[in-house]
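Please read them alongside the structure.

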Amino acid sequence: MTLNKVKYRDFIAPLLVGLIIWLSSPIKPASVSMNAWHILAIFVATIIGCITRPLPIAGVAIIGLTLTVLLGIVPMDTAVAGFGSSTVWMIAMAYFMSRGFINTGLGRRVALVFVRLFGKRTLGLAYALIGVDLVTAPATPSNTARAGGIVYPIIQSLAETFGSDPKDGTQSKIGSFLVFAEFHGDLITSTMFMTAMAPNLVAVTLAKSLHITLSWMQWFLAGIVPGLICLLVVPYLIYKMYPPEIKDTPNAKQWADDELAKMGKISLPEKIMGGVFLLALVLWMLSSFIGLEASLVAFMAVSLLLVAGVLSVDDVLHETGAWNTLVWFSILIFMANELNKLGFIPWLSGAIGGALKGFSWGIVLAALVLFYFYSHYLFASGTAHVSAMYGALLGVAVSAGAPATFAALILGFTGSIFASTTHYANGPASVLFGSGYVTQGKWWQLNFILGLFYLVVWGGIGALWMKVIGIW
């Protein structure tokens, strides 16, 4: 047996920052307790560790939890209470559901059907692939799994069919456009559904700690109009700004037909998976009306898949993405909640709110959104960024007089669209940029333009839409 690789040098930054904050306690504000200051030091060090990644994020989080208890800041029973969060377990259950899409082949079949129906032109192919992302997003909290596990293999096959490969310099034929369009399609669908990516659920949990409850349906209704506008307009903007050399793809339909023929008729497991997915989707939509917890719906769906034999217990036990997320998510949520309970977040919100006193809540919220969005250039993880800033920024917005639910949703949406910054912004960015089809310069240039578009649509049109439906 060989030792696992640990990047010890990458421990330096989190340890150094954590120690500086810990040792600066003599100059802390008088209203902030010593325990609150010390857990801040460990929390910030953990977030930086999630960025530098000396270990995978779950390993960093476990070390942070251990230090929090070992140094006597909180008792062990309090520290492990985060693992009982229903939101955390809903994410895990949704991961198991997404495994069913991949295991049964239903995800690939849906993608091929979309290509067959809408793939006569390259722009139509982009819309088709994004359509797959849209259909699977509500039950797939890993946007990396959607983009990298379901859609990208189809893009790669299509690119090869049309002779587009970065290895021989032909990526601009069709591959570059499809890869970049899928990245933005995945980003948009991640914003539209509460359960479409883990950072959304981090935001929901942090909002709840501030006594702001966001339901699945509420998130969906608030995001439907700006989301559909982006889904319709963004692929066309990319087509104009970053046009593929091949505009017509008559072979795509035949290719999809051939691939579907190889798959054969839709199987019983696929039918069951599709039925359970639709049931979960309907129950999530109705959950706030019928008093059914969204997390219970996810448990029901996975139970049905296990009883029907679509998923096995081994599938559940070996779904490392789910267990990995459960560990680090639980720990980060625990730390963020402790910062709130021990008084640090209320103090910080009040301090920043005091500095912004005299400005209307609309100006304050707009400034917070811009800061939150552009500060993502400093982060390589959406989850780390949301965990670090969402709660504090929401507290500032509310203390400035912003309607609580409206502010929670606007900042929640920002926690997804800020991925339109860098090639390391989130998991899908790493996977799709790593394919080599889009250069780093082009990625940053186009994303800067599209980022402005997202801010206008989600922050402007989205705000007006939420006013229409009575959220504020």
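1. Arg109 is buried, at 10% relative accessibility (buried means under 20% relative accessible area, exposed over 50%, partly exposed in between; 1.4 Å probe, protein chains only). Arg109 belongs to helix α6 (residues 106-118) and Glu270 to helix α13 (residues 268-290), so the bridge ties together parts that are 161 residues apart in sequence.

2. On the basis of these numbers: this is a predicted model, in which local features need pLDDT of at least 70 and side-chain atom pairs count only at pLDDT 80 or more, while totals for chains, interfaces and linings use all residues. Residues are numbered from 1 along each chain as its sequence is written, and side-chain values use heavy atoms, with hydrogens and water left out.

3. Arg116 and Asp257 form a salt bridge at 3.6 Å, N to O. This pair also links distant parts of the chain, with Arg116 in helix α6 and Asp257 in helix α12 (residues 250-263), 141 residues apart. Arg116 is partly exposed at 33% relative accessibility, and Asp257 is partly exposed at 21%.

4. Within helix α12, Glu259 and Lys262 are three residues apart, about one turn of the helix. They form a salt bridge whose closest N and O atoms are 3.3 Å apart. Glu259 is buried at 14% relative accessible area, whereas Lys262 is exposed at 66%. The salt-bridge count comes to three.

5. How many helices and strands does the chain have? There are 22 helices and zero strands, taken as DSSP runs numbered from the N terminus (helices: H or I, at least four residues; strands: E, at least two).

6. The C-alpha trace spans about 70 × 50 × 50 Å along its principal axes. Of the 472 residues, 54% count as buried.

7. Among contacts (heavy atoms within 4.5 Å) between residues at least 6 apart in sequence, 78% join residues at least 24 apart.

Key: A salt bridge is a side-chain nitrogen of Lys or Arg within 4 Å of a carboxyl oxygen of Asp or Glu.
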